[in-house]
Amino acid sequence: MTKQALNNYIGKHVEIIFTDGDVLQGKLGHGMGLGNRLYNEDKSYYNLPENHLTFRAYQVKKIRELENDK
């Protein structure tokens with residue numbers, strides 16, 4: 001997936017299917033995890049804070065926005 005495509009989902013609740021087959025949900029943000037739920041502003045990395053996960057755009061196979069009530 002391209003960074004440009006992922007950037008359209010920043011701040012939204014999404015479901016992501018990763019290239020290894022894992023499927024996770026959460027609010028997509030920028031930055032690398034620093035511990036204690038802190039993230040830097042590195043635009044090369046993306047995160048799902050609810051899952052304590054930091055990843056790069058190439059690791060994303062598919063993404064879709066979830067409804068607001070989730």
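I looked up the salt bridges (a side-chain nitrogen of Lys or Arg within 4 Å of a carboxyl oxygen of Asp or Glu) and found that the structure holds 2 of them. The model is predicted, so I note that local features need pLDDT of at least 70, that side-chain atom pairs count only at pLDDT 80 or more, and that totals for chains, interfaces and linings use all residues. Residues are numbered from 1 along each chain as its sequence is written, and side-chain values use heavy atoms, with hydrogens and water left out.

For burial (buried is under 20% relative accessible area, exposed over 50%, partly exposed in between, with a 1.4 Å probe and protein chains only), I read Glu15 as buried at 16%, whereas Arg64 is partly exposed at 42%.

I then turned to Lys12 and Glu65, whose closest N and O atoms are 3.9 Å apart. Lys12 sits in the loop between α1 (3-7) and β1 (13-18), and Glu65 in strand β8 (residues 60-65), 53 residues apart. Lys12 is partly exposed at 32% relative accessibility, and Glu65 is partly exposed at 39%.

For the chain as a whole, I noted 1 helix and 8 strands (DSSP runs, helices being H or I of at least four residues and strands E of at least two, numbered from the N terminus). Buried residues make up 27% of the 70 residues in the protein chain.
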